[in-house]
Amino acid sequence: MGERGTSNHSEVTDFILVGFRVRPELHILLFLLFLLVYAMILLGNVGMMTIIMTDPQLNTPMYFFLGNLSFIDLFYSSVIAPKAMINFWSESKSISFAGCMTQFFLFALFIVAEGFLLAAMAYDRFIAICNPLLYSVQMSTRLCIQLVAGSYFCGYVSSIVLTSVTFTLSFCASRAIDHFYCDYHPLQRISCSDLYFHKMVSFFLCSIIILPTIIVIIVSYMYIVSTVLKIRSTEGRKKAFSTCSSHLGVVSVLYGAIIFMYFIPDRFPELSKVASLCYTLVTPMLNPLIYSLRNKDVKGALRKILGKKIFLFNSILTVI
C-alpha cells in the first residue's frame with residue numbers, strides 16, 4: 001500500500017477544484033458576486049492603508065495594527081478570489097500541484113498571522129483603556145513592530161509545517177478537491193495515506209495558535225469590561241466601548257466562521273464552502289467598513305483626503 005501511495009503521489013501533477021455544485025447558468029451570477037466582493041475588498045483595504053499612511057494623526061499603535069490587518073486581508077483574499085473567479089469560466093477547473101501548494105501555504109500564512117494580529121490588537125485596547133497613562137510607554141514603536149513581525153513569523157512557521165505534512169500525503173483516492181480553493185479538510189478527504197500523524201500535527205498547531213490567541217482576546221476584554229463598568233459617566237463608557245466594538249466585531253466574524261466551518265460534519269460540504277466564504281471573502285470586505293463607519297478618526301481623515309481631491313479638481317477646472 002505504501003508503494004502504491006508513493007507511486008500515485010508522484011503521478012499527481014494537478015488537482016480539480018470542484019467549486020460550488022450549482023447549475024451552470026448560476027456560474028455567471030456567482031462570478032459577478034465574487035467580482036463585486038473582491039472589488040470592494042481591494043477598494044476598502046487599499047483605501048484604509050492609504051488613509052493610515054497619509055494622515056499623520058493616525059500614526060498610533062492602533063492604526064499601525066489596523067494597516068497591517070488591511071494588508072493581510074488584501075493578500076489572503078487575493079490568494080483565493082482570482083482563481084475562484086477564473087474557474088467559474090473554466091471547463092477543466094484545474095490547478096497545478098505547485099499552484100495548489102502555493103495557495104495553501106499563502107492562505108495558511110496570512111490567516112494565522114491575522115489571528116495573532118487580532119490578539120495583539122486586543123492587548124493594545126487593553127493597555128489603552130486599563131492603563132491609559134502608560135499607553136505611550138508600554139505600546140512603544142519597538143513593541144508594535146515586534147508584535148506584528150511575530151504575527152507574520154508565527155504564520156510563516158505554522159504554514160511551513162502544515163504545508164509540508166499535507167503535501168507529502170499520497171493523493172491516490174481522487175484528483176477532485178470538493179472546494180473552491182485548496183483547503184485542509186478537502187485535501188485530507190482525497191488522500192489514501194494514514195492521516196494519524198497529519199491529524200496530530202494539525203491538532204498541535206491549532207492548540208498553539210487558536211487557543212492562546214483566543215485566551216489573550218478573552219482575558220483582555222474581561223479586564224476592559226471590568227474597567228469600563230467602573231467609569232461613572234455614560235459618555236465615558238460609550239467612548240471606551242466604541243474603541244473596542246470594531247475590533248470585537250471583526251474577531252466575532254472571523255473566529256465564528258472558522259469554528260462553525262470546522263464543526264460542520266463532512267457530509268455537508270456545501271455548507272462548509274459557504275462558511276469558508278465568510279472568512280476568505282466576507283471578513284476582508286467587512287473589516288474596512290466596520291473600522292471606517294465606527295471610527296471618527298478614519299472618517300475625519302477620509303473627509304480631509306476627499307476635500308483635497310475636490311479642491312484640486314476645482315482648481316484644475318478654474319484654470320481650464
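This is a predicted model: local features need pLDDT of at least 70, side-chain atom pairs count only at pLDDT 80 or more; totals for chains, interfaces and linings use all residues.

Residues are numbered from 1 along each chain as its sequence is written, and side-chain values use heavy atoms, with hydrogens and water left out.

**Entry: the overall fold**

I looked up the secondary structure, taking helices (H or I, at least four residues) and strands (E, at least two) as DSSP runs numbered from the N terminus. The protein chain has 11 helices and three strands. Along the sequence they run α-β-α-α-β-α-α-α-β-α-α-α-α-α. Of the 320 residues in the protein chain, 44% are buried. I then turned to contacts, meaning heavy atoms within 4.5 Å. Among those between residues at least 6 apart in sequence, 78% join residues at least 24 apart. The accessible surface, from the Shrake-Rupley method with a 1.4 Å probe and, for residues, only the protein chains shown as cover, comes to about 17,000 Å² for the protein chain. Carbon and sulfur atoms account for 71% of that surface.

**Entry: aromatic pairs**

I counted rings of Phe, Tyr and Trp (its six-membered ring) as paired if their centres lie within 6.5 Å; planes under 30 degrees apart are stacked, over 60 edge-to-face, and the rest tilted. The whole structure holds 22 aromatic pairs. One of them is F71 with F75, a tilted pair at 4.6 Å centre to centre and 40° between the planes. Both residues sit in helix α3 (residues 61-89), four residues apart, about one turn of the helix. F71 is partly exposed at 29% relative accessible area, and F75 is partly exposed at 38%.

Next I checked Y76 and F107, whose ring centres are 5.6 Å apart with planes at 85°, so the pair is edge-to-face. Here distant parts of the chain are linked, as Y76 is in helix α3 and F107 in helix α4 (residues 97-130), 31 residues apart. Y76 and F107 are both buried. They also belong to one aromatic cluster, together with F20, F34, F88, F180, Y181 and Y279.

**Entry: the core**

What is in the largest nonpolar core? I defined a core as a set of buried Ala, Val, Leu, Ile, Met, Phe, Trp, Tyr and Cys residues joined through side-chain atoms within 4.5 Å. The largest one has 90 residues, and F15, L118, F171, L187 and Y279 have the most contacts inside it. Helix α4 gives the largest share of this core, 20 residues.

**Entry: N45**

I found N45 in helix α2 (residues 26-54). N45 is buried, at 0% relative accessibility. Beyond residues up to four places away in sequence, N45 touches S70, D73, L74, P284 and P288.

**Entry: salt bridges**

My criterion was a side-chain nitrogen of Lys or Arg within 4 Å of a carboxyl oxygen of Asp or Glu. The whole structure gives five salt bridges. R23 pairs with E25, the closest N and O atoms being 3.8 Å apart, and R23 is exposed at 54%. D124 and R125 meet at 3.0 Å, N to O, and both are buried.

K273 and D178 form a salt bridge at 2.8 Å, N to O. K273 lies in helix α10 (residues 269-293) and D178 in the loop between β3 and α7 (184-189), so the pair ties together parts that are 95 residues apart in sequence. K273 and D178 are both buried. Through shared partners, salt bridges join R21, D178 and K273 into one network.

**Entry: a loop residue**

Last, I looked at T168, in the loop between α6 (141-166) and β3 (176-177). T168 is exposed, with 62% relative accessible area. Its C-alpha atom is 9.8 Å from that of H198, which is 30 residues apart from T168 along the chain.

Note on methods
Buried means under 20% relative accessible area, exposed over 50%, partly exposed in between (1.4 Å probe, protein chains only).
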